[in-house]
Amino acid sequence: MATKSRLLVIVTFMLLALTAATIVNISLNFRDYSINSAVEKSQMAANIVKDGLTAHMVNGMMDKRQYFLDKIETSNNIKALWIARGEKVTAQYGEGLSSEKMRDAIDEEVLKTGQSVQKITEDASNTVLRVTIPYKASTPADSTDCISCHNVERGDTLGIISMEFDISDMRSSGMITILKILGINLLFIVVVLFLINYFVTPYMNLFSNLQNGIRKAYRGDFSHQFASKVGGDAKYVVEHMNSLFRKMQETFGDIKNNLATFIPQGSVSQSDPLHEAKTIISELSDIYKFKKTIELDASKDEVYTRIIDILRLKYNVGHFAFYEVNNVTSERKLIYSTEEENICFEKTNKNAMECRAHRTGTVTISTEFPNLCRACVSQGIDYVCIPFTINHDISLTVSMTSDNRDEVELMKKNISSIRHYLEAAKPVIESQILMERLRDTSLRDGMTGLYNRRFLEEVIDKIMSQANRNKDTYAVLMLDIDFFKMVNDTYGHDMGDKVILALSKVLKTSIRESDLAIRYGGEEFLVLLSNATDDGVMQVSNKIHSEFAALSFDVGTSEPLKKTLSIGIAKFPTDGDTIWKCIKYADTALYEAKNTGRNKIVEFEKAMFKSGDDF
């Protein structure tokens with residue numbers, strides 16, 4: 001309705017302006033008309049006086065001229081009338097009557113210049129027009145020859161006649177006329193405003209109705225029903241707008257509900273739902289591209305790298321750490337960090353339950369409560385920690401930090417979006433974990449859990465490349481259980497399996513994490529020791545040899561079963577320039593131990609090769 005009010009005010013202002021302009025124009029024209037009428041009347045009176053005085057002079061009645069002048073003054077509603085002689089006429093005929101004198105500067109000016117002068121004098125009650133007209137000596141073309149009676153030249157000013165006219169009545173009648181015009185115009189304005197209000201109101205109501213509908217549509221509500229009493233094109237517009245909004249409500253409502261199944265409500269905060277839908281679709285597109293990319297990645301670590309890139313490049317997170325948590329052991333492994341120092345206490349990596357975000361399974365935001373997470377080392381730095389469960393065994397944690405509250409607020413806004421990327425990565429990571437397990441299963445011995453020979457064949461080239469690059473040394477131990485076949489033949493394969501399991505446990509407890517223990521064959525094992533000294537190699541060998549020899553196996557007889565080991569040792573690069581050669585040489589040393597009595601440790605020597613063997 002404000003639009004209608006503005007329209008009525010504008011129209012009223014324009015009509016009033018038009019009325020004012022009309023009145024001013026009429027007033028000026030009326031004033032000019034009044035003045036011009038008085039001037040014309042003065043010209044007529046002046047001519048009558050001129051002709052009358054001429055007649056008096058010709059007829060010798062100049063002494064009677066005052067009566068004539070008085071009659072002229074009274075008969076023509078002239079307020080005042082007087083005449084004055086010029087210098088030449090005065091010199092010829094004298095001063096004249098007492099009233100025939102110049103009264104003011106205007107008379108003097110007209111006598112001097114021979115030009116008529118008009119002057120209006122106004123006050124609150126009266127308006128007086130003063131007109132002074134010169135009388136000039138006639139020319140031959142005139143009917144009266146002034147030169148015949150006056151000693152003047154043609155064109156000389158003989159005298160002047162001055163008249164004053166009271167035109168106040170004209171001003172009064174003009175004011176009455178103007179008031180009538182003003183009244184008519186005001187009535188016209190009222191009628192026009194009434195008609196405008198009458199005819200425009202339905203359109204204004206329609207306009208207001210359209211505004212309300214569009215305002216609701218901007219908020220995503222297309223349920224508004226348009227209505228109007230206006231017919232014609234307006235009715236056509238209303239019908240089509242209702243039809244359009246019904247379709248929009250059905251279509252957009254479905255789109256929004258469908259989008260909500262991908263991204264929960266509230267994750268994208270926009271006052272404009274159409275912009276919100278655009279943002280969600282753009283987000284879905286980015287997530288889809290991300291998912292299609294990681295589906296082709298070869299390993300879980302590559303997927304983790306993609307997530308890290310998203311945090312760095314898409315969300316511009318400057319400081320964060322990315323963790324993988326083993327839900328079974330509660331151990332937490334740092335995958336990536338932008339900081340040299342850990343933001344959490346070291347104990348948190350050994351026990352992930354110390355992390356509030358992981359323990360509660362909820363996002364932890366430091367600004368919500370002082371010292372919210374007790375595992376955080378840093379003081380004065382805010383953090384946002386996002387936990388995410390991949391499956392029963394594995395979880396992820398993203399810890400973002402900043403000393404800028406604005407950055408923290410931005411992190412908070414991006415929480416849902418970051419979780420969407422983690423959600424998209426979840427099935428891929430699960431698949432990679434499963435593939436790693438399947439692959440790990442294929443590379444491990446099913447009974448002992450040790451790596452098998454296939455694993456050795458896959459990693460040996462990598463180990464060799466790393467050894468050449470870092471100048472690493474390795475010792476290869478080939479182990480074989482003495483007379484193992486007798487155990488299977490005498491006590492059965494179950495007992496043989498127990499002996500093999502017992503040896504595998506001895507190997508696991510006797511070597512470091514950087515070393516490898518592999519079941520190379522049936523009862524044959526291989527141990528690869530990295531960067532071990534000669535004394536260290538012998539200590540490990542003796543430990544394995546003695547601990548296994550000390551084991552006893554209950555076989556149901558009075559005497560328990562005891563077994564021994566034969567061990568062959570070769571060293572890289574001392575004995576061979578490749579690890580494969582060292583494995584062959586360790587096997588040669590094992591063969592030497594077997595042939596020389598078993599139950600012993602033998603280091604490889606080149607003399608062990610028969611003539612023609614390749615070193």
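The conversation below asks how some descriptions of this predicted model are reached.

Colleague: What should I keep in mind about the model and its numbering?
Modeller: This is a predicted model, in which local features need pLDDT of at least 70 and side-chain atom pairs count only at pLDDT 80 or more, while totals for chains, interfaces and linings use all residues. Residues are numbered from 1 along each chain as its sequence is written, and side-chain values use heavy atoms, with hydrogens and water left out.

Colleague: Why is Val191 called partly exposed?
Modeller: Its relative accessible area is 40%, which falls between the limits of 20% and 50%, so Val191 is called partly exposed. Val191 lies in helix 5 (residues 168–218), where helices (H or I, at least four residues) and strands (E, at least two) are DSSP runs, numbered from the N terminus.

Colleague: How do you know that Ile481 is buried?
Modeller: The relative accessibility of Ile481 is 0%, and because the limit for buried is under 20%, Ile481 counts as buried. Ile481 is placed in strand 11, and among the residues that Ile481 touches, leaving out those up to four places away in sequence, are Val499, Phe548 and Lys594.

Colleague: What makes the span of helix 16 close to the expected one?
Modeller: Helix 16 (residues 579–595) has 17 residues and reaches 24 Å from its first C-alpha to its last; the expected span is 1.5 Å times one less than the number of residues, and this gives 24 Å for helix 16, so the span is close to the expected one.

Colleague: Why is strand 3 described as largely enclosed?
Modeller: Nine of the 10 residues of strand 3 (residues 127–136) are buried, so the strand is largely enclosed by the rest of the structure.

Colleague: How do you know that strand 2 and strand 3 pair?
Modeller: Two strands pair if DSSP finds at least two bridges between them, and strand 2 (residues 117–122) and strand 3 have six bridges in the antiparallel sense, so they count as a pair. Thr121 stands opposite Val128 in strand 3, and a hairpin joins strand 2 to strand 3 through four residues.

Technical notes: Buried < 20%, exposed > 50% of the residue type's maximum accessible area, 1.4 Å probe, protein only. Contact = heavy atoms within 4.5 Å.
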